[in-house]
Amino acid sequence: MKILVSVKRVIDYAVKIRVKPDKTGVETANVKMSMNPFCEIALEEALRVKESGAASEVVIVSMGNEKCTEVLRTGLAMGADRGIHVATERPLYPLAVAKLLQALVRKEEPGLLLLGKQAIDDDCNQTGQMVAGFLNWPQGTFASKVKVDKSENCVHVEREIDGGLESLRLQLPAVITTDLRLNQPRYATLPNIMKAKKKPIAKVTPEELQVEITEDFDILEVVEPDKRKAGVMLSSVDELLDKLKNEAHVL
Amino acid sequence: MNYAKQGLLGRALAHARQCCKVHKIYARGLAAQSASLQWDAHRLSEDQLNFRELAWGFAQQELMPFAADWDRKEHFPVDVLRKAAKLGFGGLFCSSDFGGSKLTRADGAVIFETLAYGDVATTAYLTIHNMCCSLIDKFGSEELRAQWLPRLTTMELLSSYCLTEPDSGSDAASLQTTARQKLGHTDYILNGSKAFISGGGVSDVYLVMARTGMDGPKGITCFLLEKGMAGLSFGRPEHKLGWRSQPTTSITLDNVKVPRANMVGGENEGFKVALSGLDGGRINIAACSVGGAQFCLDACEEYVKRRKQFGKAIADFQNTQFKLSDMVMRVQASRLMVAHAASAFDVNAPGMTATVAMAKRFATEACYGVCNDALQLHGGYGYLNDYPIERYVRDLRVHTILEGTNEIMQMVIARQMMR
């Protein structure tokens, strides 16, 4: 079985985010970028499934400009077998990514599509669900445990939901999106970083995949959240109730 | 009684608050580093960027959170060193046949700088171990390499470099430890003592320089000694200002019998082996200084933005800005000197030893100054070990002394210049 994992290049989680002066978006020039942590967890899980013998190949895909090959190299150094770079300069939103992934799945025919549950830049949390819909595949989102049963051709997924855990049994092929607690991604090693250079990265364009990228919405403005203000001391419960009712409008 | 209780509680609360603050500085320090290090990214190869990324993750997760504790308890984190070796950090410069990563010194400088950002003392020991491994790899016989390198590069076994003696420091060629052959025997009998040995007592393998011939540098041979050899004993661990996460002891050699096969390099060629190790070691130590200074710089940048006096953040005072700008400049200059020296080592460039000595002297001094300035800007808080700065100051202090004092660096530079 082949596993396809999508990996996104995002601003590193430790970087302090700055909004561009013209408010069109977040400043990404000269900012440290790395693989989205949830994608890293998805890749780690794919590698573990392969190491358990339930899969034979792990293919990673990233979409965007040339810089995406950096995260593909990181993924190859972690242990993925080959990479696919969907090259485009256009901004990509979940719907377009889901369509591109659908096209790639048709081409690659993986038994399992693994994604991070969301990217830490836009926090959309949509792509996995959309692509599962397009493919008409079963989906297990926010997975905190994954176990592939090769003989039954299915996968057991434990997912974190409000009020507890939900256990699912999905028929393969399936889509799984990964949550934070699924695993602890491995480090690449120096020898594997060197070996990764020799692993292939294929380049395709959205046109070749016959997917038309449309921008379904316009971003009007990106602003920083309000700075936290200092608290005030109140003299009575009545005053508190009054403020909650008339200032905060939460009562 | 009541007052006493309140006092205690108050102090406990203050301490808790401070710990939170320190924790935040750590976290923010990380973010800040990534930003200022981008200024340097264009200089690095794609590989080096990847190595740095790897070292960064390791430093952040495996070193930084524990370094203060190791320092306080004088704990030598062998398990963490072995974890580092799993990633290939145990035999950076060794050939790949016995588990080495075969990297250049320029690569190594990037890696050690990044690791030292998280913990200078532990990284410094790692560099010493790498130096020993590369000497065995470069000068050792095939048998010796095959026997030891597989377990050294994984750090299943640790190693130490033994040149300095109680009465022979800067004048290293005057060492008095002897290695004599009895008539009709091939084994050597070693007698003498060694001082300031990093890893002493814990390491399994010791590269010992001993006199086999005439006085001076041309009568010295390098031997590989194993812990457990009869007559090899260790002094009590020294109590030190810094570098407290690695043990340092003296070593006594009392009629230690060493087979001829344990010779590293030829007879009477040991000083060449020792100096070759030192050239690399000086680059490594200088790189560790840069990493430590970068950490202090980042922590400081965060601190001055938060600390308010006279009604505004102290970052808004020009004195602070001038100080910070000089600090970042000195870190950058040190980093470039180290990179330049490392690439000189890699191609054995003319004047390499002087180039390395310049980098060692410049970087260890400038970076110690940066840490010290960071402490000054932290004021009284910088002097407390609740904040990490004082530890970096203590750890970097020894870098101007070891691997050849900075005064010896001046001698080396002038000598090569006027040759």
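Biologist: How much area is buried between domain 2 of chain B and domain 3 of chain B?

Modeller: About 1,200 Å² is buried between domain 2 of chain B and domain 3 of chain B, and carbon and sulfur atoms give 66% of that area. Buried area here is the accessible area (1.4 Å probe) that two parts lose on being put together, summed over both. Please note that this is a predicted model, in which local features need pLDDT of at least 70 and side-chain atom pairs count only at pLDDT 80 or more, while totals for chains, interfaces and linings use all residues. Residues are numbered from 1 along each chain as its sequence is written, chains are lettered from A and ligands numbered from 1 in the order in which they are written, and side-chain values use heavy atoms, with hydrogens and water left out.

Biologist: Into which domains is chain B divided?

Modeller: Chain B has domain 1 (2–153), domain 2 (160–271) and domain 3 (272–417); the bounds come from an automatic or database domain assignment. The centres of domain 2 of chain B and domain 3 of chain B, taken over C-alpha atoms, are separated by 30 Å. Each of these two domains of chain B gives 14 residues to the contact, where contact means heavy atoms within 4.5 Å.

Biologist: Which residues of domain 2 of chain B lose the most area to domain 3 of chain B?

Modeller: They are Leu241(B), Trp243(B) and Phe271(B), which together account for 50% of what that side buries. By class, the side of domain 2 of chain B that touches domain 3 of chain B has eight nonpolar, four polar and two charged residues. In this scheme Ala, Val, Leu, Ile, Met, Phe, Trp, Tyr, Cys and Pro count as nonpolar, Asp, Glu, Lys and Arg as charged, and the others, Gly among them, as polar.

Biologist: And how many salt bridges are found across the interface of domain 2 of chain B and domain 3 of chain B?

Modeller: The rule finds zero salt bridges there, a salt bridge being a side-chain nitrogen of Lys or Arg within 4 Å of a carboxyl oxygen of Asp or Glu. It does find 12 residue pairs in polar contact across that interface, both residues being at pLDDT 80 or more. A polar contact is a pair of N or O atoms within 3.5 Å; within protein, one must be able to donate a hydrogen and the other to accept it, and residues adjacent in sequence count only if both atoms are side-chain atoms.

Biologist: Turning to Ser276(B), is it buried or exposed?

Modeller: Ser276(B) counts as buried because its relative accessible area is 15%; buried means under 20%, exposed over 50%, and partly exposed in between (1.4 Å probe, protein chains only). Ser276(B) lies in helix α8 (residues 270–306) of chain B; helices (H or I, at least four residues) and strands (E, at least two) are DSSP runs, numbered from the N terminus. Its side chain makes a polar contact with the side chain of Lys138(B) at 3.4 Å.

Biologist: Now the two chains: how many residues does the contact take from chain A and from chain B?

Modeller: The contact takes 19 residues from chain A and 26 residues from chain B. In chain A, Lys32(A), Tyr187(A) and Leu190(A) lose the most area to chain B, together 40% of what that side buries. The area buried between chain A and chain B is about 1,800 Å², with 58% from carbon and sulfur atoms.

Biologist: How many salt bridges does the rule find across the interface of chain A and chain B?

Modeller: Three salt bridges are found across it. Lys197(A) forms a salt bridge with Asp47(B), the closest N and O atoms being 2.6 Å apart.

Biologist: Within chain A, where are Asp81(A) and Lys50(A) placed?

Modeller: Asp81(A) is in the loop between α2 and β5 (82–87) of chain A, and Lys50(A) is in helix α1 (residues 37–51) of chain A, 31 residues apart. Their side chains meet in a salt bridge (2.9 Å, N to O). Asp81(A) is partly exposed at 24% relative accessibility, and Lys50(A) is partly exposed at 26%.

Biologist: Which residues does Val58(A) contact, leaving aside its neighbours within four places in sequence?

Modeller: Among them are Lys50(A) and Asp81(A), as well as Ile3(A), Val5(A) and Leu43(A). Val58(A) is in strand β4 (residues 57–64) of chain A and is buried, with a relative accessible area of 0%.
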